[in-house]
2 protein chains.
Amino acid sequence: MKKGLDEKTLPLILQSEVVAQSRLFRIETLQLKFSNGEEREYERLRGNRKGNGAVMMVPMLDDETFILVREYAAGTHDYQLGFPKGLIDEGETPEEAADRELKEEIGMGCKEISSLKSLTMAPGYFRSSMHILLAKSLYPEKLEGDEPEPLDIVPWSVHNIDELLEREDFTEARSVAALFLARKYFK
Amino acid sequence: MKKGLDEKTLPLILQSEVVAQSRLFRIETLQLKFSNGEEREYERLRGNRKGNGAVMMVPMLDDETFILVREYAAGTHDYQLGFPKGLIDEGETPEEAADRELKEEIGMGCKEISSLKSLTMAPGYFRSSMHILLAKSLYPEKLEGDEPEPLDIVPWSVHNIDELLEREDFTEARSVAALFLARKYFK
C-alpha cells in the first residue's frame with residue numbers, strides 16, 4: 001500500500017545565488033546534483049521579511065458556523081473569500097498570532113485554539129509554511145489592523161460547504177484545505 | 001448567513017512596475033487606490049513563462065485507491081508527497097495536459113477525466129491558478145518526462161486519509177485541497 005517510502009537521498013546543492021530581489025521577495029537559483037548524478041538548475045522564492053511563518057484560522061462562531069473574510073487580492077486583482085490569516089510577529093507563538101489576527105480582522109478574540117496542520121504553498125518553489133488553527137469560544141475584542149479598508153466578515157453554515165466550494169471567489173488552496181482539516185469539528 | 005457579499009469596487013491600479021525578474025519569475029509593484037481613498041503599495045509575482053496554467057490530477061487506480069507521487073521540492077529542500085501535476089503546454093486543454101502529465105509522471109493514461117475546481121495558491125501575491133482534475137479508468141502508457149530522476153509512485157487507500165494528513169511530507173495545500181474535492185468520489 002505504501003511502496004516507495006524508503007529514505008531518499010537529497011540532491012546536493014552545488015551552488016546557490018540570489019538573482020533578483022524586491023522589498024518582499026528574493027529569488028535564488030540553485031545548482032543541484034541529484035543522487036543519480038543528474039545536474040539541474042532550479043529556482044526558489046523566499047520572503048525578504050524575517051521568517052516567523054504565518055497563521056490561518058478557522059474561527060467557529062458556534063458548532064455550525066465558521067467565519068470567512070472577504071478582502072482584496074492583488075495577485076488575482078479581485079476580492080476573494082477565505083479564512084482570516086496573517087504573519088507571525090517576532091516573539092509570538094502561532095497561537096498568539098492567531099488570537100491577535102482575529103482581533104484585527106474579525107474583531108473577536110478566542111479562548112480555545114488548536115493546531116490542525118502546517119501547510120506549504122508550493123514546496124517546489126517556496127519554503128514558507130502556514131499553521132492552520134481552529135479557533136473556538138470567540139468573544140468580541142477589536143484591535144486595529146493595517147488593512148487599507150475593513151474586511152467583509154462572512155459567517156457561513158457548515159451545512160453549505162458544497163455551495164462555498166462552487167463559488168468562484170473561494171479558490172485559495174490553503175482555505176479549501178483548512179476547511180477539510182476542520183471538518184471533523186463541525187456539527 | 002451570507003452578509004457582506006454585495007458587489008465590491010476594485011481598487012484602482014495607479015501604476016505598476018516590474019522591479020525584479022529571473023528566468024522563471026517576475027516581481028511587480030502596484031500602486032493602489034482603494035475605493036475609500038486609501039493608497040498603498042502592493043507587490044505581486046508572475047510566472048515568466050507563457051501562462052497556460054497548470055493541472056493537478058487525483059488519479060484513481062480503483063474506487064478505493066488513489067495515486068500519489070513523491071518528488072524533490074527545491075523550496076523546502078526535501079522530498080514531498082503529493083498528487084501529480086504539471087504545466088499546460090501551448091495549445092493543450094487542461095484535460096490533454098492532465099493525460100500527458102500522468103503518462104510522464106506515473107506511466108499511465110486515463111480514459112475518464114473530470115474537472116473538480118480551479119484553485120489559486122496565494123491570490124494576494126500570485127495570479128496563477130491550477131485546475132484540479134479527477135482521473136479514472138487508468139491504463140499503462142509511458143511518456144518520457146523532463147524529471148531529473150524518476151518519481152516514486154505511491155498508491156494510497158481512501159481508508160487511510162487521516163494517516164496521510166498526519167504525515168510531515170504531505171503538506172502542499174493544493175494536494176490537501178484536491179483530496180477534499182475528490183472525496184465524494186471515493187468508495
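How many salt bridges are there between chain B and chain A? I counted nine, taking a salt bridge as a side-chain nitrogen of Lys or Arg within 4 Å of a carboxyl oxygen of Asp or Glu. One I looked up is D6(B) with R70(A), whose closest N and O atoms are 3.6 Å apart.

Before going on, I noted that this is a predicted model, where local features need pLDDT of at least 70, side-chain atom pairs count only at pLDDT 80 or more, and totals for chains, interfaces and linings use all residues. Residues are numbered from 1 along each chain as its sequence is written, chains are lettered from A and ligands numbered from 1 in the order written, and side-chain values use heavy atoms, with hydrogens and water left out.

Next I checked the contact itself (heavy atoms within 4.5 Å). It takes 85 residues from chain B and 85 residues from chain A. Chain B and chain A bury about 7,300 Å² between them, 62% of it on carbon and sulfur atoms; buried area is the accessible area (1.4 Å probe) that two parts lose on being put together, summed over both.

Four residues of domain 1 of chain A contact four residues of domain 2 of chain A, and the two domains bury about 410 Å². On the domain 1 side, E43(A), L45(A) and R46(A) lose the most area, together 80% of what that side buries.
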